[in-house]
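Biologist: Please take me through how to read the features of a model like this one.

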Amino acid sequence: MRPFTLNYALPTGHSAAIPPYHFDVSLQLNVLPDGRPAVSDHALLLATGTTTSTAGSQTHFDD
């Protein structure tokens with residue numbers, strides 16, 4: 001049996017967009033090509049939107 005929400009929650013295809021940043025393992029940040037943290041580019045933040053994680057809220061009360 002397939003849960004009803006999976007009819008709407010799964011993406012229908014892959015995005016062709018390539019983000020203008022990469023994850024730097026040593027800094028633990030998304031970094032722009034010029035080395036600045038991606039969070040410092042306000043136009044990029046407005047264009048890409050935000051994400052929400054609930055991983056910590058299952059185990060921590062201060063999230």
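Predicted model: local features only at pLDDT ≥ 70, side-chain atom pairs only at ≥ 80, totals over all residues.

Biologist: Which pattern does the chain follow along the sequence?

Modeller: Helices (H or I, at least four residues) and strands (E, at least two) are DSSP runs, numbered from the N terminus. Here there are 2 helices and 2 strands, in the order α-β-β-α.

Biologist: How much of the chain counts as buried?

Modeller: Buried means under 20% relative accessible area, exposed over 50%, and partly exposed in between (1.4 Å probe, protein chains only). Of the 63 residues, 8% are buried. The chain exposes about 5900 Å², and carbon and sulfur atoms supply 62% of that area; the areas come from the Shrake-Rupley method with a 1.4 Å probe.

Biologist: Which side chains meet in a salt bridge?

Modeller: Side chains of opposite charge can pair when their charged atoms come close. The criterion is a side-chain nitrogen of Lys or Arg within 4 Å of a carboxyl oxygen of Asp or Glu. The structure holds 1 salt bridge, between Arg 36 and Asp 34, at 2.8 Å from N to O. Arg 36 is partly exposed at 37%, whereas Asp 34 is exposed at 53%.

Biologist: What lines the largest pocket?

Modeller: On a 1 Å grid over the protein atoms alone, a pocket is an open set of points where a 1.4 Å probe fits, with protein on both sides within 12 Å along at least five of seven lines; lining residues have an atom within 4 Å of a point. Grid points are joined across faces, edges and corners, and a volume is the space filled by probe spheres set on the points. The largest pocket has a volume of about 160 Å³. Its lining includes Tyr 21, Asn 30, Pro 37 and Leu 44. The largest share, 3 residues, comes from α2.

Biologist: Where is Gln 28 placed?

Modeller: Gln 28 is in the loop between β1 (22-24) and β2. Its phi is near 60°, a positive value in a residue other than glycine, and Gln 28 is exposed, at 53% relative accessible area. Pro 19 sits in the loop between α1 (6-9) and β1.

Technical notes: Residues numbered from 1 in each chain as written. Heavy atoms only, no water.
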